[in-house]
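This briefing goes through one protein chain by topic. Look at the sequence and the structure first, then read the points below.

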Amino acid sequence: MKKIGIVTFHRSHNCGSILQSYATQEIVKKYGFEPEFIDFSSKGQRELYTVFRPFKFNTPRNFARSVYKNGLGALLYRRAKANWSSYDRYLLEKLSVSNMSYEVNSDLVESKMDYDVYLTGSDQVWNITIDDYDDAYFLNFVKDHPKIAYAVSQGARDLNKFAPDTGKISEYIKELDHVSVREENGQKWIQALTGKEYPVVLDPTLLHLQDVYTSIEESHNVPGIEKNKYIFIYATPLSTEYMALIRKYAKDNDLELVIWHNDIWLKRFGWLKGIKSPKAQNPGKYLDLIKNAKFVCTSSFHGVAFSTIYRKDFVVLENDGMRAGDDDRMTGFLKRLKLSDRIVNESAFEAKMNEAIDYTDFEVELKKNQKISHDFLDKALKD
């Protein structure tokens, strides 16, 4: 069995990052590979998920934000420490991770590794503006083995505008043997950069049926809520206007509220208003909360992805990024799968919450997009 080394955000204490890692792991197994995550985690990534973050002194605004975030961290210290342990335990149980760990790009030496093929993706691994970013996500350290980029995302950042050295990035991409992207904007931007058009494929989470995730669910253990009697809120940021609309709908329909993000729960006075927020969080509890919710309110790509996997009623809370047009992570995916009407603004919120989702067209489009994705993987992994 050939061994495949995967470079992605598997160490991020983020449900979407860990679950897309798990989905990638499981899909390459089906193609006869033994997957292993190369345990690379940059300094920026490690700092991003610490309880207290380093203070930034480069601008007054960044310093003020550092003070604010660390203030929240102090208030949520016990929850944050419990979450850290829960996420780390979960990802090490569910993912096959290399024994060797790496912190800087220069530590990644191909000749000292034992992989037949290397793969990067999906998530926002090519978003060069985020703290997690490193050239390693272009597999720049691999010269002598096949290299695949699957469903890579740039977030909402055009490499042509934001890359400090577009020539270097262009060469990295051209050196990859097979490339696919997750968004149409990403396809357009990379074509402008390299002169090549690469296919748009599904996020790996959407290549599996619900039963693949059943084995990695964990009981959410949120006291006082019952199946199909609560709204699950997975949205950051969450405006006061949306919060008021969600609370009103919950009250009118005798539903409890569960907010995932502890900082949102704190800032929106969930602790004062009887809103629940799970302790010791991890992706298994997240899946369980989506699965058993009456409704999901989200602004997250993977919040939508797993709402569709579990065939839940959901709404997407429109934000400035979606309105601007560059950030098509959500809008492009929903358009392709015939669910664009689930994006709501404040005025459409209640009406859409009262409209159940008909997944008939979604099922048809999902199968078409899964075929495109598997055709890519079939060629890339068998070359």
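Leaving aside neighbours within four places in sequence, which residues is T24 in contact with? They are I6, L119 and P204, where contact means heavy atoms within 4.5 Å.

This is a predicted model, in which local features need pLDDT of at least 70 and side-chain atom pairs count only at pLDDT 80 or more, while totals for chains, interfaces and linings use all residues. Residues are numbered from 1 along each chain as its sequence is written, and side-chain values use heavy atoms, with hydrogens and water left out.

**Around T24**

- T24 belongs to helix α1, which covers residues 15-30; helices (H or I, at least four residues) and strands (E, at least two) are DSSP runs, numbered from the N terminus.
- With a relative accessibility of 5%, T24 counts as buried; buried means under 20% relative accessible area, exposed over 50%, and partly exposed in between (1.4 Å probe, protein chains only).
- T24 and L257 are 233 residues apart along the chain, and 32 Å separates their C-alpha atoms.

**Overall build**

- The protein contains 17 helices and eleven strands.
- Its radius of gyration is 21 Å, which agrees with the value near 21 Å for a compact globule of 383 residues; the radius is taken over C-alpha atoms, and the globule rule is 2.2 Å times the number of residues to the power 0.38.
- The C-alpha trace spans about 60 × 50 × 40 Å along its principal axes.
- Of the 383 residues, 56% count as buried.
- Among contacts with a separation of 6 or more, 76% come from residues 24 or more positions apart.

**Aromatic rings**

- A search of the whole structure gives 21 aromatic pairs; rings of Phe, Tyr and Trp (its six-membered ring) pair if their centres lie within 6.5 Å, and planes under 30 degrees apart count as stacked, over 60 as edge-to-face and the rest as tilted.
- One of these pairs is W260 with Y286, which is edge-to-face, with 5.7 Å centre to centre and 70° between the planes.
- W260 lies in the loop between β8 (256-259) and α10 (262-267) and Y286 in helix α12 (residues 283-292), so this pair ties together parts that are 26 residues apart in sequence.
- Both W260 and Y286 are buried.
- The rings of F269 and W271 have centres 6.0 Å apart and planes at 50°, so this pair is tilted.
- F269 is partly exposed at 41% relative accessibility, and W271 is partly exposed at 45%.
- Ring pairs also join Y22, Y213, F232, Y234, W260, Y286 and F306 into a cluster.
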